[in-house]
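Subject: Handover of a structure for your review

Dear colleague,

I am passing the structure below to you for review. Please look through it first, and then read the notes that come after it.

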Amino acid sequence: MYGLLDCNNFYASCERVFNPSLNGEPVVVLSNNDGCVISRSNEAKALGIPMGEPAYKLKELLEKVDVHIFSSNYVLYGDMSHRVMGMLTEMVPEIEIYSIDEAFLMLDGITGVETFGRKMVRKIYKGTGIPVSLGVAPTKTLAKAANRFAKKYPGYKGVCIIDTEDKREKALKLLSVGDIWGIGRRLTKRLNYYGINTAWDFTQRTKSWVRHNMGVTGERTWLELQGKPCLEMYKSLSNKTICTSRSFGERLTDINPISEAVSNFAAMCGEKLRRQHSYATSMLIFLQTNPNATLQPQYYNQQLVQLPAPTNDSAELIHYARLVLCNIYKDCYQYKKAGVIVQDIVPERPLQTCLFDNRDRIKFEKVMETIDNVNARYGRHHLKMASQGFDRKWKLKNEKLSPSYTTSLKDILKISAK
DNA sequence: TCTGGGGTCCTAGGACCC
DNA sequence: TCTGGGGTCCTAGGACCC
């Protein structure tokens, strides 16, 4: 049996852990740059605030109701996620971390799954302050569905199990196609056109029809819903690509601040690579105007560079990122966003080097190690490359950032006795 | 009139996920 | 005026090879 454990309203719940006065209140967390809504407490959902709503559209509502708004604090969420995943690892034989707030669990060999699940949900809440829900079923796709029910109906008390044919049929009949894991907006529209509205309707189609209309991925989903596992536990190796990109806080035309931003993105990719002990073989830089500003002249360009040898050296990544940026940059546009993607990622050792490479890689490895050590101790960006700059004209908006309660000594919660 | 068949690799784009 | 960021997988089509 597979389990899917998901943190409820994760970002909003993280904000509550260290600020209990938010309990019972509507809480909303905004995306980077304070752009749109990406997490809502149940109270905020009840007010009808949709997911993805642009922040400026909330203004009117905010004048009437007191909604607590936060900029996203990924340092806090990342640390809280780490705590939850750590507890899970100790409780089950195998876990696959699927996203910042979700993990698949291998539950084979565990007897009394329901009691076990309830205990797990209670334990995580007690240990981290984060409320979670668990879905259990013979396949991952069904476990996802079970998780939805666990969240939706309070009667389940956080744990829903699909372990008989009756329960499977009942669940599929209650699940609309669009809510199936792997069926997005486009496919939903197409399926609805064919009169398929529930997951049950979908499973009643023949395998060949599904294959023909939805390809191999659709076929896998179809089989999974029948209770035949096609998706296994995925051993969390390192990522295949790493991307660092941001929208700028203001429109940028001049190349200098953009170059500064791109240097920072490249350096951040380097940090992420070193943290997972791997090297990238190629790198892609992209630059774009604001696609939502339809009246403005639009421009998008990207370029791929093959690096002379696999690397995770920030200085080297910055060097090539800046070169490429000069190629794709054109003046006369108002830029909104840029990004650096490193790919073809290989493990740190054994390393295939290039015969004609004359960079002193041993030396730069030590430099990076030193920089990482200093920054671990004195804070991110304490020590950096000059090209990363100090202006941060490109920096994002996050006016409502909560403190880094768990990762910064100066932000640690103070409790005073009255 | 009439022009093959089989393969690889790469890239772009689409669709999905959180 | 104002709409995020970071991933995965699959497929079609072009370029190239013999």
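Predicted model: local features only at pLDDT ≥ 70, side-chain atom pairs only at ≥ 80, totals over all residues.

DNA strand B

DNA strand B is surrounded by 13 residues, and the closest of them are D101, E102, K144, R186 and L187. By class, the residues of this surface divide into five nonpolar, three polar and five charged. Of the atoms of DNA strand B within 4 Å of the protein, 100% belong to sugar or phosphate.

Several polar contacts can be listed here. In the side chain of K144, an N or O atom is 2.9 Å from a phosphate oxygen of DNA strand B. For W181, a polar side-chain atom lies 3.4 Å from a sugar or linking oxygen of DNA strand B.

Which elements supply at least two residues each of the surface near DNA strand B? They are strand 5 (94–99) and helix 8 (185–193). Helix 8 provides the largest share, three residues.

L187, one of the closest residues to DNA strand B, has its place in helix 8. With a relative accessible area of 22%, L187 is partly exposed, because buried would require a value under 20%. Apart from neighbours within four places in sequence, L187 is in contact with G182 and M214. As a point of reference across the chain, the C-alpha atoms of L187 and N375 are separated by 46 Å, and these two residues are 188 places apart along the chain.

DNA strand C

Around DNA strand C there are 21 residues, with R220, C243, S245, S247 and K336 the closest. Of the atoms of DNA strand C that come within 4 Å of the protein, sugar and phosphate account for 79%. The residues of this surface divide into five nonpolar, ten polar and six charged.

An N or O atom in the side chain of R220 is 2.6 Å from a phosphate oxygen. For K336, a polar side-chain atom lies 2.6 Å from a phosphate oxygen, and for R246 the corresponding distance is 2.7 Å. Two or more residues of the surface near DNA strand C come from each of helix 10 (207–225), strand 9 (241–252) and strand 12 (335–343). Strand 9 gives the most, with eight residues.

Is strand 10 mostly covered or mostly open? Strand 10 is mostly covered, since eleven of its twelve residues are buried.

An open sheet of three strands has the order 3-2-4, with mixed pairing. Its edge strands, strand 3 (37–40) and strand 4 (68–71), each pair on one side only. From one strand to the next, the twist averages 25°. Strand 2 (residues 27–30) pairs with strand 4 in the parallel sense, over four bridges. One of the bridge pairs joins V29 to F70 in strand 4.

The loop between strand 2 and strand 3 holds D34. Why is D34 classed as buried? The relative accessible area of D34 is 9%, and the class applies because that value is under 20%. Not counting residues up to four places away in sequence, D34 touches A55, S71, K397, N398, E399 and K400.

With kind regards

Methods:
Residues numbered from 1 in each chain as written. Chains lettered and ligands numbered in written order. Heavy atoms only, no water. Pairing = 2+ DSSP bridges. Axes fitted to C-alpha atoms, helices over the stretch in contact; angles between N-to-C directions. Near = heavy atom within 4 Å. Polar contact = N/O pair within 3.5 Å; in protein donor to acceptor, adjacent residues only side chain to side chain. Nonpolar A, V, L, I, M, F, W, Y, C, P; charged D, E, K, R; others polar. Buried < 20%, exposed > 50% of the residue type's maximum accessible area, 1.4 Å probe, protein only. Contact = heavy atoms within 4.5 Å.
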